[in-house]
Amino acid sequence: MAAIAGIGVLILIALLVLSALVALFGGAFGSRKLANLGFIVFCVGGATLAIASLAAILASLLANGLGGINLAVFTQDTPAVGSSGGLRNAIIGSIAMCLMGMIIAVVVGILAGTWLAEYSGRSRWTAAYGSVVRFVNDVLLSAPSILVGLFIYEVVVLYVVHHFSGFAGAISLALLAVPVVTRTTEDVLRLQSKQLRESGVALGAPLWITIKDILWKAASGGMITGALLAFARISGETAPLLFTSLGNQLSTVHLPIYREGGRWLFDPSLGLNQPTASLPKVIFDYALSAYDDWRRLAWVGALLIAIAVLGINILVRVLSAEPKRS
Amino acid sequence: MTAVPADPPATGRPSRRAVSRGSTFDPIFGFLCGAAATLLLATLTGVMISLAIGGWPAFAKFGLGFFTSTRWNPSADIAGGEFYGGAGPIVGTLITALVALVLSLPIAVGVAVFLTEFCPRTLRRPIGIAVELLAGVPSIVYGMWGLFVFAPLFSQVVETPLAYWTPPPFLGKGFADFWNNAVIGDLVPNGSGIFAASIILAIMILPFMAATLRELFLTVPPKVRESAYGVGCTPLEVVMSVTIPYVRRSAIGAVMLGLGRALGETMAVTFVIGNAHNFPKGLFSGGSTIASTIANEFAEATTPLHTSALIALGFVLFVITFAVLAIARTLLNAQRQA
């Protein structure tokens, strides 16, 4: 079955190469129609190949992951070899680190985006500095995430916390989310009208009140969209967590006030001050293992992440599509 | 009788501001915003400096050999002692990214043209959205699919037949040598290797490039395109001589962004590249990239020099991707301002 699909793909690729050759050289033999036909076949075939391969990925995710979803996945921790278990510690760890990263990223990103949109145009020097920052932000937007992980390892893990920790993971995720938030914040603030700014000044409000109560409020939809996109991006990131949060067989994340061994305890670190499990890291480890139960859990984890990321992206589309109509 | 609340007694000059509180916070707020912007600059500089410092011991010890040698030997017991030469991963990174780009770019252009020129109107939006959504799927999903679904199939349908095929004699000895050395290399038909990793990378950057190119194609004014159709151009001629030249600069920028992604990608590659440190013999040999080497070895690095060599590799990756991304952004921004 799979082999037939594979041979089908090979035939499609052969067709693509052939049609590309016709499109490129058909004109040279004086037949513009033939060249155009080759081009149409190439475009339609290319789109088919792209959609088929992406559909194949989603289909195998569903086929391998859906069967493994049960209550134990959400209520039990990652198992030792041979025993049964779930992904609870990894799911909680991922959510905690992503949320903490997002809190940092939203604060820094919104302030930085506001500076770029509202303050950078004040003089020649700030404008020049603004364009440097904008350029740096664009580079960070697509910088390799594993390098951010290395940076956090060298700074936070080696010199600040001195061991692998959920904090280091959260900070590296924050660094990946900040450029997204900054970019969208600047873009939506620039879309706001001049009158809106002037209305604040006309009331005699200080600039920061104008920005906080008028501009941010008017731009809130776009800023929420940016934050959600950043969240979607970091929730699937694996590489920066490999040597920052490392991983943990136990569920170590807890609320600030929690109950353990019959006593109420208070710990504002949320348990992130130690190696913390995360979903992408568990997938990475378990997929490369030799045990079938572990591989099954890896598929379940990959499916959960894909659902979460696609769900957030769809939510963003629904949110950002509505105001356009009204 | 209830007392009518009187106006608050005037205390000196009435304020002319409707909202008067808080103007002392203004400079502080401006400073906070500026500090946040500076933090971005500090991050990029920090990444560069920390990688340079961390990799310095390896650079200093091996010098140019770090870039030219393929010997990667973490154990001091083997003859020659501990030695790290990064040529294998560096070349592997460049080859996989370039091959992925070559495979993916024509298809991405095809998809973008299909969506803007040929697709039935009712399907245009759903397919466009699907492509954009798929650009956000985490790379580890592509990696897992590559390991469990793609690799066995690739081994069965492509690699095994190739391993048994010998070039027919009429193609000449030159072709046979090229085929055996540069293409086949030391092929082990297990579905992993440089070419397999390139294909997975190509599939991963395809939705991203297709979505970006489609957006660029949509910026071409309909009048320009329609006038080309009006003088009797075929769709091929419209795309080749109107659409693509119109967006040329930003299209190159978008392609460079795709290349940047492929260069720094970790997870999609690590699963299927085979993780061999030697210089890749051929397209089907096992190999490694900088990112996959770091991902595999960093947490288990045995000596300080080993860690330093891995960070040095990271510095090389930083320099390569920074150059690519800088060119990409310059091209994209130039178009935006024009």
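User: Where in chain B is B:Thr303 found?

Analyst: B:Thr303 sits in the loop between α12 (290-297) and α13 (304-337) of chain B. Helices are DSSP runs of H or I with at least four residues, strands are runs of E with at least two, and both are numbered from the N terminus. This is a predicted model, in which local features need pLDDT of at least 70 and side-chain atom pairs count only at pLDDT 80 or more, while totals for chains, interfaces and linings use all residues. Residues are numbered from 1 along each chain as its sequence is written, and chains are lettered from A and ligands numbered from 1 in the order in which they are written.

User: Why is B:Thr303 called exposed?

Analyst: The test counts other C-beta atoms, placed from the backbone, within 10 Å of the residue's own: 20 or more means buried, 12 or fewer means exposed, and anything in between is partly exposed. B:Thr303 has 12 such atoms, so it is exposed. The C-alpha atoms of B:Thr303 and B:Phe66 are separated by 17 Å, and these two residues are 237 residues apart along the chain.

User: What makes A:His162 count as exposed, and where does A:His162 lie?

Analyst: A:His162 has 9 C-beta neighbours inside 10 Å, so it counts as exposed. Its place is the loop between α6 (145-160) and α7 (166-191) of chain A. Most residues other than glycine have a negative phi.

User: Is A:Leu246 buried or exposed, and how do you know that?

Analyst: A:Leu246 has 21 other C-beta atoms within 10 Å, so it is buried. A:Leu246 also has a positive phi, near 60°, and belongs to the loop between α10 (220-235) and β1 (257-260) of chain A.

User: How much of each chain is buried?

Analyst: In chain A, 49% of the 326 residues count as buried. In chain B, buried residues make up 46% of the 338 residues.

User: Why is chain A described as more spread out than a compact globule?

Analyst: The globule rule is 2.2 Å times the number of residues to the power 0.38, and the radius of gyration is taken over C-alpha atoms. For 326 residues the rule gives 20 Å, while chain A has 25 Å, so chain A is more spread out than a compact globule. The C-alpha atoms of chain A fill a box of roughly 70 × 65 × 40 Å along the principal axes. Its secondary structure comes to 12 helices and two strands.

User: How many residues are in contact between chain B and chain A?

Analyst: Two residues are in contact if their C-beta atoms, placed from the backbone, lie within 7 Å. By that rule, 75 residues of chain B are in contact with 76 residues of chain A. Helix α1 (residues 25-62) of chain B gives the largest share of its side, 19 residues. That side has 52 nonpolar, 18 polar and five charged residues. Here Ala, Val, Leu, Ile, Met, Phe, Trp, Tyr, Cys and Pro count as nonpolar, Asp, Glu, Lys and Arg as charged, and the others, Gly among them, as polar.

User: Which residues touch the most other members of the largest nonpolar core?

Analyst: A nonpolar core is a set of buried Ala, Val, Leu, Ile, Met, Phe, Trp, Tyr and Cys residues joined through C-beta atoms within 7 Å. The largest one has 195 residues, and A:Ala177, A:Ala302, B:Val141, B:Ile200 and B:Leu201 touch the most other members. Helix α7 (residues 194-218) of chain B provides the largest share of this core, 19 residues.

User: Why does this core lie between domain 1 (2-68) and domain 2 (88-325) of chain A?

Analyst: Both domains give residues to the core, so it lies between them. The domain bounds come from an automatic or database domain assignment. The centres of the two domains of chain A, taken over C-alpha atoms, are 37 Å apart. Their contact takes six residues from domain 1 and seven residues from domain 2.

User: Which residues does B:Val141 touch?

Analyst: Leaving out residues up to four places away in sequence, B:Val141 touches A:Ile57, A:Leu61, A:Ala302, A:Ile305 and A:Ala306.
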